[in-house]
Amino acid sequence: MASMWVGHRGTIKDYPGFSASVDAEAIRKAIRGIGTDEKMLISILTERSNAQRQLIVKEYQASYGKELKDDLKGDLSGHFEHLMVALVTPPAVFDAKQLKKSMKGTGTNEDALIEILTTRTGRQMKEISQAYYTVYKKSLGDDISSETSGDFRKALLTLADGRRDESLKVDEHLAKKDAQILYNAGENRWGTDEDKFTEILCLRSFPQLKLTFDEYRTISQKDIADSIKGELSGHFEDLLLAIVHCVRNTPAFLAERLHRALKGAGTDEFTLNRIMVSRSEIDLLDIRTEFKKHYGYSLYSAIKSDTSGHYEITLLKICGGDD
């Protein structure tokens, strides 16, 4: 069940010799004692896989009649609290909550919406939509509809549907056909047929799109990203460019998001926590590699110089090492 949230390039793996009851008891002690033993909490929650953490949550509830997340909220504060709660949340529920947060209050955080919807697989999106409905009693689609508009809304809804082809097989004939359709919908006409861009970029598999983009270059003598920049605008343009980036290299796309979250005035903890937690068992090792390659210093050192206290210690443990 949880397998689609686990890749081979994560920094966090199953803890050998795991015992939910031993961990639950240690966590209870760490929280109940005089003053919280944050070090104990950090060492347990960052060294267990999410599947194991869910077993701790169940055990904690059964033994103490309380929700672990509520006890963490009551005992910790600030960014450290948010990060620890994120660690004990099931991945689909965590993403659902991040999506809700992106759409709550005044103004929508389009960047967060784009990042989540472009980097999750179709199957993950289906789980996220279910979790969203369970938690909020509203459909994710309805909330996206009321918070966004136009072509951007259409594309987000297509992605949220989780209908992207997951097969690894590529069809050369289809790639040529799609490339021609994209060329005819943009560069080769007066005005742009946005629906064609949405259909192809939001429904075809990543390997298929990779081939389509190669064919596109052959037909148009232009890179698809440059065509999108020339033809489209606003959040719709941002979304399609994010898809192109992810098709070519998802870890590099996420490394860029982390770099933005960690540089300049103030840290964007919302983004930092989300990427570190949600990719910790999927491809965080690759994200670290891309970060170092593109920016010349390690993700570890960026986190170290930009955060502090227990929050910093936890992020560095999730990061898993210096490059």
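Tutor: Let's begin with Gln221, which is exposed, with a relative accessible area of 64%. Exposed means over 50% relative accessible area, buried means under 20%, and partly exposed is in between, using a 1.4 Å probe and protein chains only. Before we go on: this is a predicted model, so local features need pLDDT of at least 70 and side-chain atom pairs count only at pLDDT 80 or more, while totals for chains, interfaces and linings use all residues. Residues are numbered from 1 along each chain as its sequence is written, and side-chain values use heavy atoms, with hydrogens and water left out.

Student: Where is Gln221 found, and what is its phi?

Tutor: Look in the loop between α13 (206-220) and α14 (224-231). Helices are DSSP runs of H or I with at least four residues, strands are runs of E with at least two, and both are numbered from the N terminus. Gln221 is not a glycine, yet it has a positive phi of about 60°. Now try Lys137: its phi is near 55°, again positive in a residue other than glycine. Lys137 sits in the loop between α8 (122-136) and α9 (140-147), and it is exposed at 59% relative accessible area.

Student: Okay, on to the domains. What does the domain assignment of the chain give?

Tutor: Domain 1 takes in 1-89 + 266-322, domain 2 covers 91-161, and domain 3 covers 172-248. Those bounds come from an automatic or database domain assignment.

Student: And how do I read the interface of domain 2 and domain 3: how much do they bury between them?

Tutor: The size of an interface is often given as the accessible area lost when the parts come together. Here domain 2 and domain 3 bury about 1100 Å² between them, and 76% of that is on carbon and sulfur atoms. That figure is summed over both parts and uses a 1.4 Å probe. Eleven residues of domain 2 are in contact with 13 residues of domain 3, where contact means heavy atoms within 4.5 Å. As for spacing, the C-alpha centres of the two domains lie 23 Å apart.

Student: Next, helix packing. At what angle do α16 and α19 pack?

Tutor: Two packed helices are described by the angle between their axes and the distance between the axes. For α16 (residues 269-278) and α19, the angle is about 35° and the axes are 10 Å apart. The axes are lines fitted to C-alpha atoms over the stretch in contact, with angles from 0 to 180 degrees between N-to-C directions. The crossing of α16 past α19 is left-handed, meaning the near helix is turned anticlockwise from the far one by less than a right angle.

Student: Which residues in α16 meet α19?

Tutor: Glu269, Leu272, Asn273, Met276 and Val277 do, and from α19 they meet Tyr311, Leu315, Ile318 and Cys319. Zoom in on Asn273: it is buried, at 7% relative accessible area. Not counting residues up to four places away in sequence, Asn273 touches His79, His82, Leu83, Phe94, Tyr311 and Leu315.

Student: Leu83 makes me curious about α5. How many residues of α5 are buried?

Tutor: Seven of its ten, so α5 is largely enclosed by the rest of the structure. They are Phe80, Glu81, Leu83, Met84, Val85, Ala86 and Leu87, and they pack against α2, α3, α4, α6 (91-103), α16 and α19. In α2 (residues 38-46), the buried ones are Leu41, Ile42, Ile44, Leu45 and Thr46. Their cover includes α1 (20-32), α3 (50-64), α4 (68-75), α5 (78-87) and α19 (309-319). Helix α7 (residues 110-119) is mostly covered, with eight of its ten residues buried.

Student: Last one: what about the segment before α1?

Tutor: Compare two residues there. Pro16 lies in that segment and is exposed, at 64%. Leaving aside neighbours within four places in sequence, Phe18 is in contact with Asp23, Arg48, Gln52, Leu55 and Ile56. For a sense of span, the C-alpha atoms of Phe18 and Glu187 are separated by 57 Å.

Methods
Buried area = accessible area lost by both parts, 1.4 Å probe.
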